[in-house]
Amino acid sequence: MVARKKQAQEQNEESQIAQNPATAEKKALVVEGGAMRGVFTTGVLDGFLQHRFNPFDFFIGVSSGAGNLAAYLAEMPQRNLKIYTDYSLRPEFLSFRRFFFGGHLVDLDWLWQITISEIRLDLAKIYAKEKPFLVCITDVLSGKSVYKQTARENLEQVLKASSAMPVLYRHFPLVDGRFMADGGLSDPIPVMEAIRRGANRIMVLRSRPRSYRKSEGVLQRILLRKVRRFPQLQQAAAGRIQKYNDTLSLIRKPPPGVFVVEICPPPDFQTSRLTRNPQKLHQGYRQGKHLAEEAIRLWNTPAPI
C-alpha cells in the first residue's frame, strides 16, 4: 500500500513537472528584419516549408522578418521572393526623386495595397495553427517595444507598422490607437523577449553575417535627426546599436538552460538594405534556402547539458 502510494505521488510530481512551463521545453523562432536583406531569411523559411519543418511553439518577427514569418506560417513558398525581386524593385515602391520632393523613399502604402490585392497572405491558415505570432513594433511616444500578438483582424496593419522606418517612410501607422514605427528601432533581434516568454530552445534567423557588429553610420545620424520631435523614440533609436550588439552577446552566450541556434548569411552575402540588383537578391535567397537543411540539422542536435 505504501509503495503504491509513493508510486502515485512520484507520477503526480512528474506530471506537474511536465506541465510546468518553467521546466517543459518551449521552442521559439525569432526572425530579424533588415529591409532587402530579408531575402535571405525568406529563403531559409522557404527551405523549412520544403522540408515540412515547423517544431516551434511561438514566433517573433521584426520588420521584414515579420513579413517573412507571415508567409512561412501561411505556407506560401516564394510569395515574399516575389515581393523582394518584383514589387520592391518597381519605381512605385522606391523612388529617390519622390523622396527629394518630400514623399516616401519607400512607399509601404502602395506595397501593402498591391500585395493584398494580388498575393494576399492566407490569414486563415496562419491562425489555424493556434500558435502565438508576435510582431515587434515601437511605440512612437514612449519609445518602448511592443510585442503585439497578431490576429487575422490586425496582422496586415501590424506588419506595416513594424516596417515603418522613419527615414524611409514618412508616416507612423496606427495600432490600437497609437502611432507605431519599425520594431528594429527598439528591439532589432528580440531574443530576450523570447526568453522572457519561457522559450528555452530558440532559433534565430539573422540578416547579417555572423561577424557583423553594429556601429554608428550615416543612416543612424539621419535617423536621430528625423525623430528629434519625439524624444523617447529618439532615445530608443540612439540605444539600438548597443541593444543590437548586446543581443549578439546573448545569442552567443545564452543563460543556463537556454539553447540557441543562430543562422546567418554567409560572408559573401551581397544584399544590403536597399539593394536593387535582382541577381544579388536571387543569390541571397538561394543562400538562405541552401542553409535551411543545416539549420534543421543544428536544431535536431541534442542541446548541451
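Ser162 is found in helix α8, which spans residues 155-162, where helices (H or I, at least four residues) and strands (E, at least two) are DSSP runs numbered from the N terminus. The model is a predicted one, in which local features need pLDDT of at least 70 and side-chain atom pairs count only at pLDDT 80 or more, while totals for chains, interfaces and linings use all residues. Residues are numbered from 1 along each chain as its sequence is written, and side-chain values use heavy atoms, with hydrogens and water left out.

- Ser162 counts as buried because its relative accessibility is 0%; buried means under 20% relative accessible area, exposed over 50%, and partly exposed in between, with a 1.4 Å probe and protein chains only.
- When neighbours within four places in sequence are left aside, Ser162 is in contact with Val62, Ser63, Val135, Cys136, Ile137, Ala181, Asp182 and Gly183, contact meaning heavy atoms within 4.5 Å.

- Strand β8 (residues 259-263) is largely enclosed by the rest of the structure, because 5 of its 5 residues are buried.
- Phe259, Val261 and Ile263 point one way from β8, whereas Val260 and Glu262 point the other way, and all are buried.
- Strand β7 (residues 201-205) runs parallel to β8 and is joined to β8 by 5 bridges, two strands being paired if DSSP finds at least two bridges between them.
- Within this pairing, Phe259 of β8 is the bridge partner of Arg201.

- Phe269 is found in the loop between β8 and α13 (278-300), and with a relative accessible area of 11% Phe269 is buried.
- Not counting residues up to four places away in sequence, Phe269 touches Arg37, Phe40, Ser207, Gly284 and Gln287.
- The C-alpha atoms of Phe269 and Gln283 are separated by 8.1 Å, the two residues being 14 residues apart along the chain.

**Helices α2 and α3**

- Helix α2 (residues 39-50) and helix α3 (residues 64-73) pack at an angle of about 15 degrees, with their axes 9 Å apart; axes are lines fitted to C-alpha atoms, for helices over the stretch in contact, and angles run from 0 to 180 degrees between N-to-C directions.
- α2 and α3 are therefore roughly parallel to each other, as angles under 35 degrees count as roughly parallel, over 145 as roughly antiparallel, 65 to 115 as roughly perpendicular and the rest as oblique.
- The contact is made by Thr41, Thr42, Leu45, Phe48 and Leu49 of α2 together with Asn68, Leu69, Ala71 and Tyr72 of α3.
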